[in-house]
Amino acid sequence: MQRIRIFRYLDDLNCFVVSDEYQRIADQLGLTEWSPVVWIGRLFTLDNDYGEHWFDNWHLREPLEAEATRRGLTEGDLLIIDPERFQNGKDGPCHTPEFRKRFWSDVLRSLDLSFDLLADEARAFNQERLRFMPDEYISDLEARIATLRAEL
């Protein structure tokens with residue numbers, strides 16, 4: 001089963017960007033909302049819409065903007081873990097912000113998802129499109145999945 005690396009870590013900036021391979025797949029399968037990792041964030045945060053905002057931390061990106069531009073990236077490409085987004089103050093937190101950041105950095109550095117999982121999420125999301133945004137429905141999604149599967 002083909003596994004897809006979701007993130008690429010930029011050591012010197014202490015942040016992530018979406019891997020080129022995953023970006024290409026997410027775009028082809030319609031997994032990109034305002035970011036191709038929105039749906040993953042929802043699953044990481046109790047499977048609700050709070051998770052779509054897991055990288056809403058523009059105040060942490062602004063100091064890195066010049067370096068991002070130098071690398072051909074935009075400030076919006078930088079995905080920075082804000083440890084405060086990974087605790088809600090209810091019955092905790094149980095760990096320090098520094099430890100939470102290290103933990104989630106390790107998790108995201110090693111995050112590989114199967115192509116089958118990505119395809120199943122794309123199918124489910126496409127059905128939602130059909131119901132709520134029919135003009136954005138991807139009618140050839142199965143053909144796209146087959147093409148990508150053959151390429152991988």
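A crossing of two helices is called right-handed if the near helix is turned clockwise from the far one by less than a right angle, and left-handed if it is turned anticlockwise. In the predicted model described here, helix 6 passes helix 7 in a crossing of the right-handed kind. The two helices pack at an angle of about 170°, and their axes lie 11 Å apart. Because angles over 145 degrees count as roughly antiparallel, helix 6 and helix 7 are roughly antiparallel to each other. Helix 6 contributes Phe115, Asp116, Ala119, Ala122, Arg123 and Asn126 to the contact, while helix 7 contributes Leu141, Glu142, Ile145, Leu148 and Arg149. By class, six residues of this contact are nonpolar, one is polar and four are charged.

Helix 1 (residues 20-29) also packs against helix 7 (residues 141-151), at an angle of about 155° and with the axes 9 Å apart. These two helices are therefore roughly antiparallel as well. On the side of helix 1 the contact is made by Arg24, Ile25, Asp27, Gln28 and Leu29, and on the side of helix 7 by Leu141, Arg144, Ile145, Leu148 and Glu151. The contact of helix 1 with helix 7 comprises five nonpolar residues, one polar residue and four charged residues.

The relation of helix 1 to helix 6 was examined next. Their axes come within 10 Å and cross at roughly 30°, which makes helix 1 roughly parallel to helix 6. Helix 1 passes helix 6 in a right-handed crossing. Tyr22, Ile25 and Leu29 of helix 1 meet Phe115, Leu118, Ala119 and Ala122 of helix 6. The contact of helix 1 with helix 6 holds seven nonpolar residues, with no polar and no charged ones.

The burial of helix 1 was then considered. Its buried residues are Tyr22, Ile25, Ala26 and Leu29. Seen down the axis of helix 1, these residues fall within an arc of 100°, so they line one face of the helix. In general, an α-helix has 3.6 residues a turn, so residues three or four places apart point the same way. The cover over the buried residues of helix 1 includes strand 1 (3-5), strand 3 (15-18), helix 2 (38-44), helix 6 (115-132) and helix 7. Just after helix 1, Gly30 adopts a positive phi of about 75°.

Note on methods
Residues numbered from 1 in each chain as written. Predicted model: local features only at pLDDT ≥ 70, side-chain atom pairs only at ≥ 80, totals over all residues. Heavy atoms only, no water. Axes fitted to C-alpha atoms, helices over the stretch in contact; angles between N-to-C directions. Helix = DSSP H or I, 4+ residues; strand = E, 2+ residues; numbered from the N terminus. Parallel < 35°, antiparallel > 145°, perpendicular 65-115°, else oblique. Contact = heavy atoms within 4.5 Å. Nonpolar A, V, L, I, M, F, W, Y, C, P; charged D, E, K, R; others polar. Buried < 20%, exposed > 50% of the residue type's maximum accessible area, 1.4 Å probe, protein only. Arc of directions from axis to C-beta.
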